[in-house]
Structures are given as structure tokens and as C-alpha cells.
Amino acid sequence: MSATRASAPPHQHRAVDLVRPGRPVPTLIRHLAVAAGAALVVLLVSYQLDSYRNFQLATVAAYLCATAGLTILTGLCGQLSLGHGALMATGAYTVALCQSAFFDRGVTSGSVLLLSLVAAVAVTVTVGLVVGVAAARLRGPYLAGLTLAVAVVVPALTVTFDGVFNGEQGLAVPLAPAPQGLGVYFPHERWQLWVAAGATLLCLVVLANLVRSRYGRLFRAVRDDEVAARLAGIHVARTQVIAFVVSAAGAGLGGALLAVLAQSVSPGAFGLTLSLFLLMAVVIGGLGRLAGAVWGAFLLVALPDLTHSLTNLFTLSPAAAQRLEGNLPLAIFGATLIVVMIAAPGGVQGLLSRLTRALRARWPAGRS
Amino acid sequence: MDRFLFLTLDGLSRGAVYAAFALALVLIWRAGRIVNFAQGAMAVAAAYVAYSVTAATGSYWLGFGAALLAGLLLGAVVDIAVMRLVDHRSPLNPVIVALGLVLLIQAVLGMLYGNEYRPAQAPFSRTALAVGGTAVLSPYDLFVFAAVGVVGAALVWIFTRTAIGLRMRAAAFAPEVSRLLGVNVGGMLTLGWALASGVGALAAMLVIPTELGLHPHAMDLVFVSAFTAAVLGGLDSPPGAVVGGLGVGLLLSYVSGYAGGDLIPLAVLALLLTVLLLRPGGLFAPVTARRV
């Protein structure tokens, strides 16, 4: 029974639905086209928005790398990681150390940022490989517990080895200004948005292709039924390690971009709460779909902003306002997560697809 | 040698708390196959209740009682209002919901009390008494041993000697059959959550005065240590949890005594990783094949 399920996983039925008359467009071309469209939209939008909104959009892009990576791991491969905040910290600190090293040696051109970002992804992939190899033999609560330990311990390491990481103070990330060619008065935030959005779109194209590739199918087969997957000849542990490494790369890039945006890193920003936030974002957005990761990333940036304007509506004493402002987004996130898990496990994206399906059923394809 | 003795006794006292907390994790795992990741946050909430009651009445013991009561109630409420409604077919779901609870509880505590450390009062002196010129145990350590011992004995008594304990074990072992035989399985599960949460509250009350103080995140590292202890003993085994807790306490005491307190988090992670890689079923696991 399970073996038959593995040989014909559910996504193949969906693939049949998607066949349209005419020559199919190759997946890579389609994804590249979508990415190019998105890049154009970001470019246009970046000229319309003020600096603060540009910065926020850039932060969304940074979070999106991490949530997309986590979607691959949790949604597609069925492994729960609470340690992605720590992986983001790895990427962020690598960028900080690399940039400082370059600038200390007098290399201040803008292109070294590319090298630093690549180094950040490489280091995070290595860390992800170590955790992933350990985690591949674990399932359910054990994996969650191990990654929870990683999330709690890694920020503490920055204090233990404060000679390198400078303890609670953290490190500064020196950055080259926007290229001269763009003009002297080119806003720094717009340049940050371009860098972050460019890196994120590249990351998303790679991940979207992966989802549609052989590996995506392997991930889903392992998630749906490990025993059946093994019977079908899939190396389950190796597949899980690959998923973990891929998602670590996403988290590393996301953390590196966050460091570039904030131009500093400190352990306080990468605590357990960040890991939980990422998981919340992925679950609320919709597990298992990259579109859900996009919703989640927007939510991560928008919610603190919304609660900030909400608390401004009331007149509170400064101390009470401060307490409320720091904690209200957390409370709303926690409560939403519980409600979503109980009432709508598909998240935002699940609700949207249900809605579109219902609409299609009402107006059949012939007329639409 | 004196130092070794001191570190050993200190580690055992610390380990007793981890043992209690690990026991709470094991209780829920046995009852419902859920690792309660919200245990730490729930325990901190109970400790804050104690803080408020003590501040209002001036009595430590009224606060202590209130914390235990709040722990019991909170456990029951979490089971009835949240966990019962979760779809348990995927093992990820209860874990994710528990993490949502962590965020929610810590945020509410932060809103009510602020995110700063508050001094937590200890009922007895924490300076070690000297026996023959060697600093051995403080009155507070003795109190910790006594409290954990009493709770452990009470749990053993409940589960092995009372009708309700028998029903709880039956409900966990074979829910369908127990239901047919007239056991209120859902009620037993709620009772299990309440007991576990009460034990967790006790552990929080015991450990917080020995650390930096009361903070919404005060139990994060304690939770990780206790989870390590529970895994070390095998998640299914209450005696394993006690042995694991004492073992983790000893190890952490030696690490902080000989290598520096900064390394404690790293030591916990290394121990957890080692146990999970070498013996994922824990020290007391019977040799069984994984069920497919």
C-alpha cells in the first residue's frame, strides 16, 4: 500500500492538471521570467517609496531567504528546525568578519560584498551540514530539541568567545557606499533594497527550481512516508541532509543580508525568538509552498510596524508603552500561530488556494 | 579534593532540579506522546504568580503554594483549551503549537512584568555550611533535595498505589481499551498535563533563585538542560529522567567549576549531540527495532 503511494506521489496528479495544450515552457525559463518581472516591479517600487519603506522592503527580502529555506526543510521535507535563527547568526557574523577583514586591509570596493555573501553562505552550509548529519538520524521531538539547543546556545557562544565576536556589543559591518555611477544623491536605502532583492530573487529562483526538480520530489516522498520512500530506493538520511543544507544556505544568506542592512550584528537579534518567528512565519504563510514563505516574510516585517501604530492610538505611560511595543507582536504571533494550526493548517496560502479552487468550481475553466 | 566534593554536591543539587523538570517532560511524553516545548514558559508563568503573591502578602510560602497551584491549573487549561484541539496525526503539529504557546506566554509575561530580571527570593540561606572545615551544602540545597524527593515519592505513590494512577497509566498505554472499560481518557490526559506542569512550576521555583533571577526567558536554558536529561534517561522512563537530571547537573557543575561558567551552554549542546548520536533511545532504553 505504502509502496504504491511512493511510486505515484500526490504531486504527479497535480502535474497532470497543469498540462496545457502547446509546447510546455521549461521550468527554469518560467522561473527566470517571473524573477525578472519581480525585479522590474521592485525597481519601479523602489523609486516610489520613501527611504524607510525601502529599508523595510529590503528587510522583507532578507527574511524571505530564510523563510524560503525553512519552507524547503519543514514544508517539503517534513523536518522541524528551531535552529534557523542560529544559522542566520552564522551568516551574519561571517559577513561582519569578512567585511571587517577586507576593510582593515584597505580593500573598500563595493564588489567585495559579493565575496563576503558567498563566504557567509559557504560557512553556513558547512555548519548546516554538521547539524544536518547529526539531525538526519533524528525525528520528531528529538530533532526539534536538538535544533532548539542550537538556537539557545549559539547566541551565547558570541559571549564565550568575545575576543572574536565582541560579546553582547556585537560587530559593525563596514560597507561601501552605493556606486558613483548612480549619482551622488542616490539614497542608501534604495541601494540596500537593490542588493537585498537581487540576492533574494536569485536565491528564490534556485529554490523554486529545486522544488520542481528530482530533489523536490525526493523531499516530498520522504515527508509523506519514510518507509515507502526507502522501499522505493530513496536514501532517506541523505535526502534529509540535503534538505537541511539547502535550507541552511537560505538562512545564511538571509542572515548575511540582515547584517548588511543593519550594518551591525549582535547576539540579541538572533535569539531563540528569531528562530520561533521564522517558524511562525512559515506556518502562518502556509507550509510547503514558497508563496507561503513570501507571506510569512511580509508578516515578519509588517506585524511589529502594525502593533507600533496600534499602541500609538492609546495614551500610555512610556514604560507601559515600551513593554507593550516589544511584546505585543510576539503575543499576536503566538496566538495567531496556535489559531492557524488548529483552524487552518494550510496557512494564508492554503486559504487562498482554497478560495481560488472554489471560484474555479463556480466558474468553470471554459468561461474564465 | 574539597573543591571536587563541593562541585559534586552542588551539581547534585542542581541536578535534582533538572531531574524534576525532566520528570515533568517525561510525564507528558508518556501520557500523550508530546514533548511539551512550552514547559519552560509555563513554569516561568507560575513563578511570576509566586512573585506577585509574595509581593502582595510578604510570605514566601504563600507564593510557593500559589505557584504550584498555578502550575497545576495552567497545565489543565493548556490541555483543554489548546492541545486537545490540535490535529495529532502529524507529530510536527503539537510541537509547533507548543512553540506558539512559548511566544504567547513569554510575551504576556513581558507585557505584565517587563523584560528585566527581578530578584527572586530564596527561603533559606544559600551559603554553604561547613562540616569539618569543608564547605558542603547550604540549607537551600537541602530544601531542594527535600522538595524534589517529596514530589518524586508522591508521583511514585500516585502512579503505583492509587486507582487514579492506574487509570492514568491505562489511558496512556491503551487509550481505546481503557475508554471501553470506562476510563475517562481525556480527563486522565488533562490530569497528566496538570501534574507535569505542577512539577515544572516546582522546578522553576527551585532553580530561579540560584540563577540570575526572574525573567520571561529564565527557563530557556534550563529547559534545554532538562530536555537533555530526559533524552539521556530515555524519554519514556521516569527513573531515567531522575538519573539523567542528576548526571546533567553533575556535568554542568564540573564544567562551570573547572572550565568556566561561560561554557555551560556549549557543554549542554555537546552532551545532547553525543547522546542523540550514540544512544538516541537513552541510557535506559530497551533494545527494540523502530516500529514501521
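**Exercise 1. Describe how helix α7 of chain A and helix α9 of chain B pack, and which residues make the contact.**

Solution. In this predicted model, local features need pLDDT of at least 70 and side-chain atom pairs count only at pLDDT 80 or more, while totals for chains, interfaces and linings use all residues. Residues are numbered from 1 along each chain as its sequence is written, and chains are lettered from A in the order in which they are written.

Step 1. The axes (lines fitted to C-alpha atoms, for helices over the stretch in contact, with angles from 0 to 180 degrees between N-to-C directions) of α7(A), residues 140-160, and α9(B), residues 220-233, come within 10 Å and cross at roughly 145°; helices are DSSP runs of H or I with at least four residues, numbered from the N terminus.

Step 2. Contact requires C-beta atoms, placed from the backbone, to lie within 7 Å. α7(A) contributes Tyr142(A), Gly145(A), Leu148(A), Ala149(A) and Val152(A), and α9(B) contributes Asp220(B), Leu221(B), Val224(B), Phe227(B) and Val231(B).

Step 3. These residues divide into 8 nonpolar, 1 polar and 1 charged, where Ala, Val, Leu, Ile, Met, Phe, Trp, Tyr, Cys and Pro count as nonpolar, Asp, Glu, Lys and Arg as charged, and the others, Gly among them, as polar.

**Exercise 2. Work out which elements supply the side of chain B that touches chain A.**

Solution. The contact takes 42 residues from chain B and 38 residues from chain A. On the side of chain B, α4 (92-113), α9 and α11 (264-278) each give two or more residues, and the largest share, 16 residues, comes from α4(B). By class, that side has 33 nonpolar, 6 polar and 3 charged residues.

Definitions and conventions: Contact = placed C-beta atoms within 7 Å.
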